[in-house]
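Subject: Structure handover

Dear colleague,

Here is the structure I said I would pass on. My notes on what I found in it follow below.

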Amino acid sequence: IASRRDLFPEEYTEALSDFTDNVDPLPATLIKAVVETELLNRGEKFEDIFCEFDDEPLGAASIAQVHRAVLTEKYGGQEVAVKIQRPSIESKLMGDIANLKALAKTFQDSDALPLDYYTVFAELEGA
């Protein structure tokens, strides 16, 4: 919502952007565990994929954070950005969308809002 200035008033998107952009990063050990669980093939170790992986993220936001890494020669040896989604964030987002949809239903037939936000949230829920 914070990035959808086309759908929401600027004062709301600006206020919400602080919540999405100013987030403490997750610990590197947790991030590496997520990578091992979600990305690696059976039998692979973290070191088989990355010869370098910065513990300090390039950026951390509400949904994900990004780390600089270098792939091993087996995987091309290139410098890459690895974006890791925060664990369990999807269920939290879906709960937030359901709550916003319920709130928006109250105003669905009102002329007070410039858009039918109920429909917007319903579409997000189904995406």
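Where is the place of T72? T72 belongs to the loop between β3 and β4. Please keep in mind throughout that this is a predicted model.

Although T72 sits in a loop, T72 has a relative accessible area of 12%, so T72 counts as buried, the limit being under 20%. Its side chain reaches the backbone oxygen of D48 at 2.8 Å. Leaving aside residues up to four places away in sequence, T72 touches E47, D48, I49, F50, C51 and G77.

Overall layout

The protein chain has 5 helices and 4 strands. Along the sequence their pattern reads α-α-α-β-β-β-β-α-α. Of the 127 residues in the protein chain, 28% are buried. Taking the contacts between residues at least 6 apart in sequence, 39% join residues at least 24 apart.

Nonpolar cores

The largest nonpolar core holds 13 residues, and the members that touch the most others are V35, F50, F53, V82 and I84. At least two residues of this core come from each of α2 (28–38), α3 (46–49), β1 (50–53), β3 (64–71) and β4 (79–85). The biggest contribution is that of α2, with 3 residues. There is also a second, separate core of 5 residues, with I97, A104, Y118 and F121 among them.

Within the largest core, V82 is one of the members with the most contacts to other members. Not counting residues up to four places away in sequence, V82 touches V35, F50, F53, Q65, V66, H67 and A69.

K83 also lies in strand β4. Is K83 buried or exposed? With 66% relative accessibility, K83 is exposed. K83 touches A64, Q65 and V66, again without residues up to four places away in sequence. For K83 and V66, the C-alpha to C-alpha distance is 4.3 Å, while the two are 17 residues apart in sequence.

Aromatic residues

The count of aromatic pairs comes to 4. In the pair of F46 and F50, the ring centres are 5.1 Å apart and the planes are at 45°, so this pair is tilted. F46 is buried, at 5% relative accessibility, and F50 is buried with a relative accessible area of 5%. One aromatic cluster is formed by F46, F50 and F53.

Y118, listed above in the second core, has the charged end of K105 over its ring, 4.8 Å from the ring centre.

Helix α5

Which residues are buried in helix α5 (residues 117–126)? They are Y117, Y118, V120 and F121. Why do the buried residues of α5 line one face of the helix? Seen down the axis of α5, they fall within an arc of 160°, so they line one face. In general, an α-helix has 3.6 residues a turn, so residues three or four places apart point the same way. On the other side of α5, E123 and G126 are exposed. The cover over the buried residues of α5 includes α4 (89–106).

Regards

Key. Residues are numbered from 1 along each chain as its sequence is written. This is a predicted model: local features need pLDDT of at least 70, side-chain atom pairs count only at pLDDT 80 or more; totals for chains, interfaces and linings use all residues. Side-chain values use heavy atoms; hydrogens and water are left out. A nonpolar core is a set of buried Ala, Val, Leu, Ile, Met, Phe, Trp, Tyr and Cys residues joined through side-chain atoms within 4.5 Å. Buried means under 20% relative accessible area, exposed over 50%, partly exposed in between (1.4 Å probe, protein chains only). Contact means heavy atoms within 4.5 Å. A polar contact is a pair of N or O atoms within 3.5 Å; within protein, one must be able to donate a hydrogen and the other to accept it, and residues adjacent in sequence count only if both atoms are side-chain atoms. Rings of Phe, Tyr and Trp (its six-membered ring) pair if their centres lie within 6.5 Å; planes under 30 degrees apart count as stacked, over 60 as edge-to-face and the rest as tilted. A charge sits over a ring if NZ of Lys or CZ of Arg is within 6 Å of the ring centre and within 35 degrees of the ring normal. The arc is that of the directions from the helix axis to the C-beta atoms.
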